[in-house]
Amino acid sequence: MKEPDPSLTNLKDDEINLKEIFNIIFQGKKLIAFFTVFAFCLSLIYSLTLQNIYKSTAILNPIEKTDSISGALENFSGIASLAGINLPASTQESNTAKAIEKLKSLSFFENEIMPNIKLEELMAVKYWDEQKNILVFDSNIYNVESNLWVRDFSFPQKQIPSAQESFLQFHDKNLFVNLDNQTGFVTLEIEHQSPFIAKQWADLIVKQINSFYREKDKAEAEKAINFLNSQLEKTRLSEVRLALVNILELEIQKLTLVEANELYVFDYIDPAAVMEEKFGPNRVLIIILGMLFSLIASIIFVLFRHFQKKDISSETNLNY
């Protein structure tokens with residue numbers, strides 16, 4: 001007698017198992033439907049409690065500067081050294097790479113951003129009233145009437161948020177910077193409950209990072225000019241004096257360019273704008289994911305409960 005094909009037997013068993021599973025799910029459809037509807041309600045309520053977030057984006061073009069002073073110093077350093085003069089070192093390194101890291105640093109936030117914003121607009125916002133165009137603050141954190149911080153806190157926090165705590169909030173939830181390696185363009189994004197604050201902060205960051213490096217290079221140029229003038233008084237060698245005069249002219253030109261350009265490190269390709277449409281949250285996606293998770297979890301629960309009861313029933317029958 002011909003033996004049955006094992007593959008056909010396994011296929012038949014699989015069909016029986018699948019039918020059993022579908023039957024179990026169908027029998028538990030009311031429970032599954034209840035949990036799914038319940039999850040829909042919870043997801044809907046949760047999504048409605050989330051604040052609208054607006055994103056303001058600025059696309060920036062890094063301004064690359066060639067340092068002609070460095071070349072001049074190299075040309076004249078040999079002559080100057082004969083007279084025992086050490087010319088100030090100069091670098092050709094662009095401010096762009098440093099500027100990107102600088103604007104993401106704690107020191108930049110503490111010295112350039114924090115003094116120019118209202119801290120409560122970063123740390124205590126509840127929501128933005130679109131009709132009145134005002135920010136509503138969490139009364140458990142900040143009292144608007146008395147202009148006092150009233151939040152509960154524990155060490156190492158303080159009553160008034162510190163620069164470090166505020167910095168973490170700012171860089172985790174508000175500031176996003178991305179450098180496109182192909183184009184070299186920098187995308188700076190600010191997210192906030194108010195589209196007006198988002199634009200304001202984006203503009204502030206670009207202004208302050210340009211100002212920071214303008215002032216830095218201005219101070220260095222003035223220091224170099226003072227140094228060169230002092231060296232001119234010390235030497236009588238005509239060749240060295242000529243070299244120093246040429247370098248001095250270049251430093252004066254550099255100082256003039258620094259003074260004349262407000263957009264010193266980054267120029268705008270597309271400035272930040274007050275956005276009309278919110279960036280997030282995606283409430284529909286939240287509801288769909290909530291329902292999907294509940295659907296899967298409830299199906300697993302129904303199957304688990306069925307097979308658990310089946311195992312208990314089998315054990316009981318064996319005992320008898």
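Is Asn133 buried, exposed or partly exposed? In this predicted model, where residues are numbered from 1 along each chain as its sequence is written, Asn133 is partly exposed because its relative accessible area is 38%; buried means under 20% relative accessible area, exposed over 50%, and partly exposed in between, with a 1.4 Å probe and protein chains only. Because the model is predicted, local features need pLDDT of at least 70 and side-chain atom pairs count only at pLDDT 80 or more, while totals for chains, interfaces and linings use all residues; side-chain values use heavy atoms, with hydrogens and water left out.

Asn133 sits in the loop between strand S2 (125-129) and strand S3 (134-137). Helices (H or I, at least four residues) and strands (E, at least two) are DSSP runs, numbered from the N terminus. The phi angle of Asn133 is near 55°, a positive value in a residue other than glycine. Asn147 also has phi near 55°, again positive without being glycine, and belongs to the loop between strand S4 (142-143) and S5. A further loop, between strand S5 (148-149) and H7, holds Pro156. The peptide bond that joins Phe155 and Pro156 is cis, with omega about 10°.

The protein has 10 helices and eight strands. Of its 320 residues, 33% count as buried. The protein exposes about 20700 Å², and carbon and sulfur atoms supply 57% of that area; accessible areas come from the Shrake-Rupley method with a 1.4 Å probe, and for residues only the protein chains shown count as cover.

Helix packing comes next. The axes of helix H5 (residues 106-113) and helix H7 (residues 163-173) come within 10 Å and cross at roughly 105°. Axes here are lines fitted to C-alpha atoms, for helices over the stretch in contact, and angles run from 0 to 180 degrees between N-to-C directions. On the H5 side the meeting residues are Leu106, Phe109, Glu110 and Ile113, and on the H7 side Ala163, Gln164, Ser166, Phe167 and Phe170. Six of the residues in this contact are nonpolar, two are polar and one is charged. In this grouping, Ala, Val, Leu, Ile, Met, Phe, Trp, Tyr, Cys and Pro count as nonpolar, Asp, Glu, Lys and Arg as charged, and the others, Gly among them, as polar.

By type, the residues of the contact of H5 with H8 are six nonpolar, one polar and one charged.

Thr36 lies in helix H2 (residues 29-49) and counts as buried because its relative accessibility is 14%. A polar atom of the Thr36 side chain lies 2.7 Å from the backbone oxygen of Ile32. Not counting residues up to four places away in sequence, Thr36 touches Met291, Ser294, Leu295 and Ser298.

Helix H10 (residues 283-319) includes His306, which is partly exposed at 27% relative accessibility. Apart from neighbours within four places in sequence, His306 is in contact with Glu20 and Ile24. The C-alpha atoms of His306 and Ile25 are 9.6 Å apart in space, although these residues are 281 residues apart in sequence. Phe301 also lies in helix H10 and is partly exposed, with a relative accessible area of 41%. Between the C-alpha atoms of Phe301 and Ile32 the separation is 8.9 Å, across 269 residues along the chain.

How values were computed:
Contact means heavy atoms within 4.5 Å. A polar contact is a pair of N or O atoms within 3.5 Å; within protein, one must be able to donate a hydrogen and the other to accept it, and residues adjacent in sequence count only if both atoms are side-chain atoms.
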